[in-house]
Amino acid sequence: MSDAASIYWEGCAAQEIRFLRCGECGRIPSYPRPFCERCGSHRLVWHVSSGRGRVEARTVVYRAPNAKFEPLVPYVLLLVRMAEGFIIMAHGELDVAVNDEVRPRFVEHDGRFLPVFALSSPPPPAP
Amino acid sequence: MAAWILGAGNTAFGKLPREDTLSLMAGATEAALLDAKRTRRDIDAVLCGYSTTFPHPMLASAFAEHFGLTPTYCHAVHTGGSSAAAMVMLAKRLVDAGQCRNVLIVGGENRATGANRGSKLETLASAGHADFEAPFGPTVPAYFALVASRYMHEFGYSSRDLAVFAVLMRDYASRHPDAHYRATISVEDVLASRPIAEPFRLLDCCPMSDGGAALVISDRPGEAPVSLAGAAQAHPHQHVIAMRSFVEFGGKTALEAALREAGADREELDICALYDSFTATLLIFLEDLGLVARGEAAQACRRGDFGRQGRLPLNTHGGLLSFGHSGVAGGMNHLIEVYRQLAGKAQDRQLGRRNLGLVHAEGGIFSTQVSLILRRVE
């Protein structure tokens, strides 16, 4: 695993979503790596996300890629756009839909803590 | 100098437990040489893709030796599902430049019977990002399903809208003797098939097939002259987490450059073949390439626009969804079918005379896109 990936996953173990921002041009790389994909600077600084996100895309996986994920089937796979503007892949609760406002909790699976997003505020009770 | 498609060949697609990668490549090549009226000695270049069931690091030279070819130019090309289209683009440039005279392009793989299910799913999903995607257990259907979920949300599409494309592909495949799946299906059949990755059910997904396909690209036209009039690529990203947009996929950049090279307009296209790993892939490409307006692809399909009598027949061999998918050869069938329709070689499937065809392919998750314009020349 790259150093940037280790720091990202250590963040998840500490219940936070970490991201890099370029110290020169301010861009957030589409995923953590040791340089800025736009200006090329190596002066990147780690930050911690507010945890607020919006669901960009959602699927429910019924057929797992390998034995490690078979016990989780069916599981919700999300792309979440965090309030700071970057997108991450994550898991979600079954009732989460595209465009919902969500927040993560962190659930251990196969030696990592995966962000699992749930609705920020539960929907109002049906009338 | 101009580059021409001189001939094409394919094996049957489906479950062929007696075949392997090299035998499928050889079978397709024999058929393509016969169609092109060329012999082994005429082939001075070999381009091939990859095979997940035979991951040889030098597949092109391994095949050339196996089949009995001694080319002066020979290597593999890997761009995932668009490998065949990328190889045809390269062959055109090699012929245009005078480097080669008769280029063999070949793919083949026993993807259905040559590996167990677990290793297949894992190998294919390994195109995902190892650190930031794979830990969440995505599959290839799941990657496309994510993209589809956003697109369907933006334009109000339902699972029923996706299903009409599965039905159309099966209708076309029912006319092709070499197709993997030929029994016609209904929208209800698609909706009743088992869920794979929402919104995709089994019949929204292409199968894994055994099969081979080959083309001969030449500096001289054949009896039914079909030229490679334009070719271009676009590479907007590799991973879904790095996609810049879930509405614009970059295919238009490639298509417009290919049309410019061909000196043609989109409106002149009278046949097309678009990569159709999933029903949503087809729907998205129709709209992203500007072949129909955003939000109108399913309606246009129901209206018959992409059928045999429609304005733009689409994947008339049945596509990956029903003709079948064996990796590189699966993507090559789109090219072969458009060639055959333009050359008048499509037998029972032959439409009326066709003049200008588009083939658009992608590898990854809309990651590596290739547009090719084929023209029937008198």
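Trainee: In which loop of chain B is the place of Lys37(B)?
Mentor: This is a predicted model, and what follows should be read with that in mind. Lys37(B) has a positive phi of about 55 degrees although it is not a glycine, whereas most residues other than glycine have a negative phi. Its place is in the loop between α1 (21-36) and β2 of chain B.

Trainee: What is omega for the cis peptide bond that joins Val73(A) and Pro74(A)?
Mentor: In general, most peptide bonds are trans. Pro74(A) has its place in the loop between β3 and β4 of chain A, and for the cis bond that joins Val73(A) to Pro74(A) omega is about -5 degrees.

Trainee: Where in chain B is the place of Pro199(B)?
Mentor: A cis peptide bond joins Glu198(B) and Pro199(B), with omega at about 10 degrees. The place of Pro199(B) is in the loop between β5 (195-197) and β6 (200-201) of chain B.

Trainee: In what order do the nine strands of the open sheet in chain B follow one another?
Mentor: The edge strands, each of which pairs on one side only, are β3 (73-76) and β9 (271-274) of chain B. Neighbouring strands of this sheet are turned by 20 degrees against each other on average, with direction ignored. The pairing is mixed, and the order in chain B is β3-β2-β4-β7-β1-β8-β11-β10-β9.

Trainee: Which residue in β8(B) stands opposite Trp4(B)?
Mentor: Strand β1 (residues 4-10) of chain B and strand β8 (residues 226-234) of chain B run antiparallel and are joined by two bridges. The residue of β8(B) that stands opposite Trp4(B) is Ser227(B).

Trainee: What angle does the direction of helix α2 (residues 59-67) of chain B make with that of β2(B)?
Mentor: The helix packs on the sheet, where it touches β2 (45-48), β3 and β4 (102-110) of chain B. Between the direction of this helix and that of β2(B), the angle is about 125 degrees.

Trainee: Over how many bridges do β6(A) and β7(A) pair?
Mentor: These two strands form a hairpin with two residues between them, and Asp110(A) in the turn has a positive phi of about 55 degrees. One pair of bridge partners consists of Arg105(A) and, in β7(A), Val116(A). The sense of the pairing is antiparallel, and the number of bridges is eight.

Trainee: Which residue in β6(A) is the bridge partner of Arg54(A)?
Mentor: β3(A) pairs with strand β6 (residues 101-109) of chain A in the antiparallel sense, over two bridges. In β6(A), the bridge partner of Arg54(A) is Glu101(A).

Trainee: Which element gives the largest share of the side of chain A that touches chain B?
Mentor: In all, 30 residues of chain A are in contact with 28 residues of chain B. The elements of chain A that give two or more residues to this side are β3 (53-61), β4 (75-82), β5 (87-92) and β7 (112-119). By class, the side of chain A that touches chain B has 20 nonpolar, six polar and four charged residues. The largest share, six residues, comes from β3(A).

Trainee: How many residues of domain 2 of chain A are in contact with domain 1 of chain A?
Mentor: Chain A is divided into domain 1 (1-48) and domain 2 (50-127), and their C-alpha centres lie 21 Å apart. From domain 1 of chain A, eight residues take part in these contacts, and from domain 2 of chain A the number is 12.

Conventions
Residues are numbered from 1 along each chain as its sequence is written. Chains are lettered from A and ligands numbered from 1 in the order in which they are written. This is a predicted model: local features need pLDDT of at least 70, side-chain atom pairs count only at pLDDT 80 or more; totals for chains, interfaces and linings use all residues. Domain bounds come from an automatic or database domain assignment. Two residues are in contact if their C-beta atoms, placed from the backbone, lie within 7 Å. Helices (H or I, at least four residues) and strands (E, at least two) are DSSP runs, numbered from the N terminus. Ala, Val, Leu, Ile, Met, Phe, Trp, Tyr, Cys and Pro count as nonpolar, Asp, Glu, Lys and Arg as charged, and the others, Gly among them, as polar. Two strands pair if DSSP finds at least two bridges between them. Axes are lines fitted to C-alpha atoms, for helices over the stretch in contact, and angles run from 0 to 180 degrees between N-to-C directions.
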